[in-house]
Number of protein chains: 2
Amino acid sequence: MCSAIRRDGGSDLTARARIRDAAIACFGRHGFDVTVRAIADQAEVSPGLVIHHFGSKAGLQRACDDHVVGLVGALKTESVTAHDDQGFLRQLASMEEYAPYLAYILRALQTGGPLGASLFERMVADAELYLAAGEAEGTIRPSRDPARRARWLTAGALGSILMLVTLGRAGQEIDFAEVFREWETEYMLPALELYTEGLLTERTLLDSYLRHTEEHSEEAD
Amino acid sequence: MCSAIRRDGGSDLTARARIRDAAIACFGRHGFDVTVRAIADQAEVSPGLVIHHFGSKAGLQRACDDHVVGLVGALKTESVTAHDDQGFLRQLASMEEYAPYLAYILRALQTGGPLGASLFERMVADAELYLAAGEAEGTIRPSRDPARRARWLTAGALGSILMLVTLGRAGQEIDFAEVFREWETEYMLPALELYTEGLLTERTLLDSYLRHTEEHSEEAD
DNA sequence: TAGTCTATTGAACATGTGTTCAGCAATCAG
DNA sequence: CTGATTGCTGAACACATGTTCAATAGACTA
């Protein structure tokens, strides 16, 4: 019968952990279509053992998700000092050792599914906190709907990174140093320009939209 | 030996065209991992005929790409009257009959590859034209780098749509009426707010970035 | 009607991939 | 040394999927 695994009471250097780390690396590098055999090779074990430990490929991915979520949570509570639009994404990016986790997270966002959605929500919540703090300081303009603004800014920034990765290197590996460098040289200037100076010279579009929603607020909500 | 197909001189109601249309619909609805058999079912032909006409699944996808590109090009030259940030994407969205092509385009952008990249470049070029026109009219603020600004705005808007689709409905079908409705209720207000009023109250970030790039412009370019 | 040509079928094939399982080897108790 | 427990292997299995091909049906010509 299948016995439980924790052979030395919780230490995390077992074959199970090695497989999980190899899976995170492979999923991050090649996407979630990577084969169990490739993961097994990376972990230097047999394909059978992968299934033996995690029940199925889906179970393995779930374990990877859980591990990454735990790691993100730990990192977040550890250092709440950084003030940044990107939240923990940039924080992770600054540390070379966390590159595989970053790749995994980007794949999760690219693929969709529960992990990607929950990470996105987390980033939105972070962005809202940072924006509120900036608003309190006076460096960020107030918004008619801070929650939606945080979501929009996050979706735009993250979406642009995702498009860079998806369109630039379809099917290839992800090199984060390069992706972030490219993002900066390509988008930093227009982003700062837009954030500080805006895009439109007139208020007509915004005002007419606000009027339009006011008129229709009687039948909704 | 395999003969050419155009049996009646170019009319497009042959089985080949039916297969191609079914493939566009299936690819758009379920992504490019959809099976040849599913496409054959949709077109009410045998799987063998699909391969017979297009050589392989990759060939079929190439034919779909070409057809969509041609359609987009035709639509573009047909009506150059609309002035909009989204370019032909919104234009397509307004027409119910083009829903499958829109879905296909979004899948192409989501998956990456040559079609997605070329469509993206096209949208960037469109956006740049529209922005330049607005700048000439005086409704759009001038930019230090109009090309990069157009790219950034396009990537942000498109990326946010893509994230909505990817995170909201992973693996499910795409309903564009719903996606665009959701985009509008979720992002229209903060987008207009950002575009007309900006985000930051101070110029320090932008100015320091500009100074930073000036300092380093001696070794590059 | 007979003949030919071509579009079409559907069963079979090849391959890739998740999963299973009987057995091996290493460790440890006695 | 012996026996047993257990992590682990790798060959085999089942299934999905792209692809092939011999056979068929339908249409057009003479």
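Biologist: Where in chain A is the place of Glu44(A)?

Modeller: In this predicted model, Glu44(A) sits in the loop between H2 and H3 of chain A.

Biologist: And what is its phi, for Glu44(A)?

Modeller: Phi of Glu44(A) is near 60°, which is a positive value in a residue other than glycine. As background, most residues other than glycine have a negative phi.

Biologist: Is Glu44(A) buried or exposed?

Modeller: Glu44(A) counts as exposed, because its relative accessibility is 70% and the cut-off for that class is over 50%.

Biologist: What about Glu44(B), where does that lie?

Modeller: Glu44(B) is in the loop between helix H2 (36–43) and H3 of chain B. Its phi is positive, about 60°, although Glu44(B) is not a glycine. With a relative accessible area of 70%, Glu44(B) is exposed.

Biologist: Which rotation superposes chain A on chain B?

Modeller: A rotation of 180° does so, with 0.0 Å of shift along its axis and an RMSD of 0.1 Å. That is the relation of a two-fold axis. The same surface serves both copies, as 100% of the contact residues of chain A recur in chain B.

Biologist: On to the DNA. How many residues surround DNA strand C, and which are the closest?

Modeller: There are 18 residues around DNA strand C. The closest are Val36(A), Arg37(A) and Lys57(A) from one chain, with Ser46(B) and His53(B) from the other.

Biologist: Which helices supply at least two residues each of that surface near DNA strand C?

Modeller: In chain A they are helix H2 (36–43) and helix H3 (47–54), and in chain B helix H3 (47–54). The largest share, four residues, comes from H3(B).

Biologist: How do the residues of the surface near DNA strand C divide into nonpolar, polar and charged?

Modeller: Seven are nonpolar, eight are polar and three are charged.

Biologist: What part of DNA strand C faces the protein, in terms of atoms within 4 Å?

Modeller: Sugar or phosphate accounts for 65% of the atoms of DNA strand C within 4 Å of the protein, and the rest belong to bases.

Biologist: Which side chain has an N or O atom 2.9 Å from a base nitrogen of DNA strand C?

Modeller: That is the side chain of Arg37(A).

Biologist: And which residues place a polar backbone atom by a phosphate oxygen of DNA strand C?

Modeller: Lys57(A) is one of them, with a polar backbone atom 2.7 Å from a phosphate oxygen of DNA strand C.

Biologist: Changing topic: what does the secondary structure of chain A come to?

Modeller: Chain A has ten helices and zero strands. Of its 221 residues, 47% count as buried. Among contacts in chain A between residues at least 6 apart in sequence, 60% join residues at least 24 apart.

Biologist: Consider helix H7 of chain B. How far apart are its end C-alpha atoms, and what span should its residues give?

Modeller: The end C-alpha atoms of helix H7 (residues 114–137) of chain B are 35 Å apart. At 1.5 Å a residue, its 24 residues should span 34 Å, so the two values agree.

Biologist: Which residues of H7(B) are buried?

Modeller: Among them are Leu115(B), Leu119(B), Phe120(B), Met123(B), Ala127(B) and Leu131(B). Asp126(B) is also one of the buried residues.

Biologist: Which residue follows H7(B)?

Modeller: Gly138(B) follows H7(B), and its phi is positive, near 95°.

Definitions and conventions: Residues numbered from 1 in each chain as written. Chains lettered and ligands numbered in written order. Predicted model: local features only at pLDDT ≥ 70, side-chain atom pairs only at ≥ 80, totals over all residues. Heavy atoms only, no water. Least-squares fit on C-alpha atoms with pLDDT ≥ 70 in both. Contact = heavy atoms within 4.5 Å. Near = heavy atom within 4 Å. Polar contact = N/O pair within 3.5 Å; in protein donor to acceptor, adjacent residues only side chain to side chain. Nonpolar A, V, L, I, M, F, W, Y, C, P; charged D, E, K, R; others polar. Expected span 1.5 Å × (residues − 1). Buried < 20%, exposed > 50% of the residue type's maximum accessible area, 1.4 Å probe, protein only.
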